[in-house]
Amino acid sequence: MSRPLGSRRPPGSGIREIVVSGLGVVSPYGAGVKSFWTGLAAGTCAIKPITVIDTEGFRSRIAAEIPADVMPALGVSRRRSRADRIALAAAREALADAGLEGPARREAALLIGAVGGGMLEGEDWYWGEARGVPSGRMSALRSILPLSHAETLGGRLGLTGPKETVVMACASGAASIALGADLVRAGVTPTALVGGVDALTHICFMGFNALKLLDPTPCRPFDRDRRGMSIGEAAAFLVIEDALHCRARGGRVHARLTGYGMTTDAHHVTAPHPEGEGMIHAMRQALADAGLDAARVGYVNAHGTGTPQNDRAEALALRRVFGEGGVLVSSTKSLVGHTMAAAGSVEAVATILALQHGLLPPTASLEHVDPEVPFDCLPVTARPADVAAALSNSFGFGGQNVSLVFEKAAGRE
Amino acid sequence: MSEGGPAAARRVVVTGLGTVNASTAGGREALAGALALGRSAIGPVRSFATAGCASGLAAEVDETTLASLVDRDAARRLSRICRLALAACQLAVRDAGIAGGPGLGIVVGTEYGDFTSSRDFAHGFLRRGPAGLSPMIFPNTVMNTMASIAAIAVGAKAPSVTLNQATLAGDLAVARGTRLIADGRAEAVVAGGVDELFEDVYRRLSQMGALSPMRSRAPEGCRPFAPDHNGPVLGEGATFLVLEEREAARARGARVMAEITEAAWGNVPTAPHTGHARRGDAASAVARLLRARETARFERCYGAANGDPAVDDWERALLGRDLAAAPVGLLPPLSLAPLFGQHGGLGALRVGAAALDAERGAASVLVHGIARGGCRTALVVEPAR
């Protein structure tokens, strides 16, 4: 009775239009969307020596950290985990930016992409125990799971809509946006607070070191001489909303979220499919979902980690979807590092700001473009470009592929 | 159908079930047998010593049973929780008679994920410094590894989603899987939950008073709604359902168990890890669904009550308010926690039990859940028409 399951039917047009009405970010540049955009537009690389983790003996000792002076200024209790603190601050900024109040705010869904949870503080306790030097802060274990962010934000912000903690490795943040969009599209809720968060943790830092995937110098995505990624930490949230609902309440519109694609490689736990098969399907699904021809897309905010394997597979996939040189490409990770579960939402915000400002953030540290990457990867300096539609790619361990399509608020030309 | 429910788009049916739990392992018949027997699988913990721990009970999966379900090569490579998920997914797919492809998705719910691998990875460093870190173990520390392994095994190339949720991991996964099909994101989804019993988690939860006997004088045990309920007893295992778009299932001649006619989830704002029996739910999608369905009546109701007074009392109060006209005997809801123990697969077992009820003719079965922290779920399972 077995039969292969065919391609899905694209949800397509004729359903609710979704707009992005609020943005919030805490990034290695500092707190707030404004500082985030200033850093991106200037092409400032925020990857520096790590201070929150002991890096003695490791190959790579750098990361994009949230500056120490930013944390106390977030206005969130120090008793919460580092990840909860940045998540709460970014979420509050997004809700305030959207002007979402009263019932419209209460009924919002909450989807958070997360991986590390409050592991940084949990590690302190656990390692103390394991070494026979108990720290006495066992309460830190209560926030160790990724779900702690959704519980904290759901309670503190008083949200009653569907609540989910999405753990899809480095595609978590993008997936939370995509899954939230389905809830708005289906009319389950008119608004959703979606995004991702990850703070630096020992386990993440040590794990990518063990896999030899970290560059000892700031990462150089798409460079011929790239040697791996640089990790980072951040929280980024978007308020997405039924366009009619947003219009009726006089909300602002940063951009339109017109489609997404989500696929699984089903190939290998850590390595991408060598031909980028799942990535291709995710991008094509996203374009079909948006009813958009590839030629209409002017910019791709790539996953672009800086590892030889990922960048090669992504370049292959981009070539299949857009053709050689068919689109401008850059990697936000070259600027703020790979912020793990937050990356998809951080880069979604970067993509939206690029559309709004008509300025495409660069790929920092890119000197010699890999001949296997036949695209203009916007080296070093941001470039003015009036782009109507853009794609944001996020891929992760487990063969997880998510592509999001954002279009300018003014509509297609 | 309420706002935006699955039937508003594409209708979703259950066509397969696979479970590896402390009572049984197999497909729909195995679960039906375990439910009919009604024997609790909770007993003294066998896999580690509980000396010095206030708790000593759990519902454990027999290692021999698990070994018989996963081939030796996979067993060598995979952590225990991955083997549990893999075995149950394969059983579910076999029960449904489907194969992989670009239309098959996976949704995995888990509360604790693979903490065994996190412990092993960290211990490598603690023993030998950076040289002791295993690149093989690290990927397992991310919760989506179970879904990844299962996706490779069954060839699932549509969305593969992992959800981290307390108490309701399995319910939420099935609800999200239903949504993926209803929204046209997948033709079929293997959805359910998994958790393993892990000594460190067990000990810490017990130390924090999160497990029975919760520092009370009453004996340890899982007694939902009982006057002396004093905490959950942990279980372990994996249970997955195969969900399919109804017309596609019919077209291939699938043996349909039931239809999921409603799937809603929401949040009752509260502080993390807390539950409050006096806190009502005025606004979530679950409250709206139940109030809209009040007159339609449910023949049976399964709940998330697991012996934790905060969960039991809150669930009783919420359902009492939202189903004020419920027929005698519907409430309090039935709990499966005393049979299988609390774990990430329990919610999928509840939905599986409801699907079996519907297959036998029960007109409408409600699977309800509330968790500390405020997540609330409701699925309505009815005979496929």
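Two strands count as paired here if DSSP finds at least two bridges between them. Helices (H or I, at least four residues) and strands (E, at least two) are DSSP runs, numbered from the N terminus.

Residues are numbered from 1 along each chain as its sequence is written, while chains are lettered from A and ligands numbered from 1 in the order in which they are written.

**Strands in chain A**

Strand 5 (residues 109-114) of chain A runs parallel to strand 6 of chain A, and four bridges join them. Strand 6 of chain A is covered on both faces: K163(A) and T165(A) are buried on one side, E164(A) and V166(A) on the other.

Elsewhere in chain A, three strands make an open, mixed sheet in the order 3-4-8. Strand 3 (48-49) and strand 8 (231-232) of chain A are at the edges with a single partner strand each, so one side of each has no neighbour in the sheet. Strand 3 of chain A pairs with strand 4 (residues 62-64) of chain A in the antiparallel sense, over two bridges. K48(A) has A63(A) in strand 4 of chain A as its bridge partner.

**Chain A overall**

In total, chain A has twelve helices and 16 strands. Its radius of gyration is 20 Å, close to the 22 Å from the globule rule for 413 residues, so chain A is as compact as a globular protein of that length. That radius is taken over C-alpha atoms, and the rule is 2.2 Å times the number of residues to the power 0.38.

| Chain A property | Value |
|---|---|
| C-alpha box along the principal axes | roughly 60 × 55 × 55 Å |
| Buried residues | 65% of the 413 residues |
| Contacts joining residues at least 24 apart, among those at least 6 apart in sequence | 79% |

A contact means C-beta atoms, placed from the backbone, within 7 Å.

**Where the chains meet**

The contact between the chains takes 67 residues from chain A and 71 residues from chain B. Helix 5 of chain A gives the most to its side, with six residues. By class, that side of chain A has 32 nonpolar, 24 polar and eleven charged residues.

The largest nonpolar core has 286 residues, and V349(A), L404(A) and A85(B) have the most contacts inside it. Helix 4 (residues 80-96) of chain B gives the most to this core, with twelve residues. A85(B) touches residues including V108(B), M146(B) and I149(B).

What helix holds C89(B)? C89(B) is found in helix 4 of chain B. C89(B) counts as buried because it has 30 C-beta neighbours inside 10 Å. Among its contacts beyond four places in sequence are G18(B), A150(B) and F240(B).

The model scores ipTM 0.97 and pTM 0.97. Chain B has a mean pLDDT (the predictor's confidence in each residue, from 0 to 100) of 95, and 98% of its residues reach 70 or more. Over residues 1-7 of chain B, though, pLDDT stays under 50. Where pLDDT is low, the predicted coordinates should not be read in detail.

How values were computed:
This is a predicted model: local features need pLDDT of at least 70, side-chain atom pairs count only at pLDDT 80 or more; totals for chains, interfaces and linings use all residues. A residue is buried if 20 or more other C-beta atoms lie within 10 Å of its own, exposed if 12 or fewer, and partly exposed in between; C-beta atoms are placed from the backbone. Two residues are in contact if their C-beta atoms, placed from the backbone, lie within 7 Å. Ala, Val, Leu, Ile, Met, Phe, Trp, Tyr, Cys and Pro count as nonpolar, Asp, Glu, Lys and Arg as charged, and the others, Gly among them, as polar. A nonpolar core is a set of buried Ala, Val, Leu, Ile, Met, Phe, Trp, Tyr and Cys residues joined through C-beta atoms within 7 Å.
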